[in-house]
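Visitor: Could you take me slowly through one part of this structure, the sheet and what lies around it, and explain each term as you go?

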Amino acid sequence: MAADVLFSELNARDNKKIGLITLNAEKALNALNQSMIDLLLQQFSDWRDNDDVVAVFMQGSGEKAFCAGGDVRALRQAVIDGKPEVPGHFFATEYRVDYLIHTYPKPVICWGNGIVMGGGIGLMAGADFRIVTDTSMLAMPEISIGLYPDVAGSWILSHLPARLGLFMALTGCRLNAADAIYVGLANRFIDHAFCDNVLESLQQADWNASEAHAVVYSVLQKYLEKSAGWLPYSKVREHRDLIAGLMDQPSLANVMSAIDSLETDDDWLLAARKTALHGSPLSAAIGYRQLQRARHMSLKEALQSELALSVNTVLKGDFCEGVRSRLVDKDKNPQWKFNTVDQVDEQLLNDLFSSPWPENPLHDL
């Protein structure tokens, strides 16, 4: 049986190599399990210290997804089985991988074809070259499963303009390639048909001619120009001012009321509205507070704070019920702890943010 993540080293000029990572759980839309993130952490560390490896390229197997997130079914089952240490270990390792990518000394290229959600955005966000294609669909839909945008999502979304990050967190809105570039989650649009050509060009490039990031830039620019004119229409760009107005409210309850009162015949906005109104009110409250906090944190501090919050949310929040409803029983009828955001218990919310779990293993990032 093939491993859920594959690693290879592509030969390049002058005895250099391109590290190639292929997430290989196609049936699960390349969702990350514990084994995969353990392997990713080890391989990224090994290639960082290998002078022959000049760049790392990440992709997903199949045509449907780069990575649809984490294996949340397994996390839920661990909680049911009385193994609270499992989510702690999973999130700690995943966040280490994400931080390593953000701070990697060599160029990291992420080919974000198809679905890129949750943990997939965590992998993609730290890459130097974040490529979206004609089929890319990005989202942070954690509110629908009782979680919140983690994997440094609280830090990333809190820095987006016009409170677009808050809108993404509360609505799980879907972004196409143009949307992703507009908000800064991606920085290159290249047609997916050119993927193999890009890899071949990276192998043929002269890595001694200039600094490694400049070499990758030059290679990608050629295919960027070939793909010009194919970028789809951006709904986020169209509705930026409307979104900013909806989010510019004195409280979360007011924000949700504004979303509820939105009158539109735009299908994209209607889908976002529906997700917000049917998502976990507790998750909305968690995401709202964490985005406010993370805005003033460093990336490292945000990940450290997310670790305790994520584990607490999985153990004590709406996570198990959300995953049951959407992915296990698939009845899409979650019984959330609270019906509206203004009913969320303040003491529970404070406990989720203040209770350390476990003793933070990310202190040495």
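Guide: I115 stands opposite M137 in strand β8, and this pair belongs to the stretch where β6 (residues 115-117) is joined to β8 by 3 bridges, the two strands running parallel. Strands here are DSSP runs of E with at least two residues, while helices are runs of H or I with at least four residues, both numbered from the N terminus, and two strands pair if DSSP finds at least two bridges between them. This is a predicted model, in which local features need pLDDT of at least 70 and side-chain atom pairs count only at pLDDT 80 or more, whereas totals for chains, interfaces and linings use all residues. Residues are numbered from 1 along each chain as its sequence is written, and side-chain values use heavy atoms, with hydrogens and water left out.

Widening the view, β6 and β8 belong to an open sheet of 3 strands in the order β4-β6-β8, with parallel pairing. Its edge strands are β4 (65-67) and β8 (137-139), each of which pairs on one side only. From one strand to the next the twist averages 15°.

Strand β8 also holds A139, which counts as buried because its relative accessibility is 1%; buried means under 20% relative accessible area, exposed means over 50%, and partly exposed lies in between, using a 1.4 Å probe and protein chains only. Leaving aside neighbours within four places in sequence, A139 is in contact (heavy atoms within 4.5 Å) with V116, M117, G118, I121, G172, C173 and R174. Of these, G172 is 33 residues from A139 along the chain, yet their C-alpha atoms are separated by 5.8 Å.

Cysteines deserve a look as well. C110 is buried, with a relative accessible area of 0%, and its sulfur is 9.0 Å from the closest cysteine sulfur, in C67, which is too far for a bond. The structure holds 0 disulfides, a disulfide being a pair of cysteine sulfur atoms within 2.5 Å.

Axes are lines fitted to C-alpha atoms, for helices over the stretch in contact, and angles run from 0 to 180 degrees between N-to-C directions.
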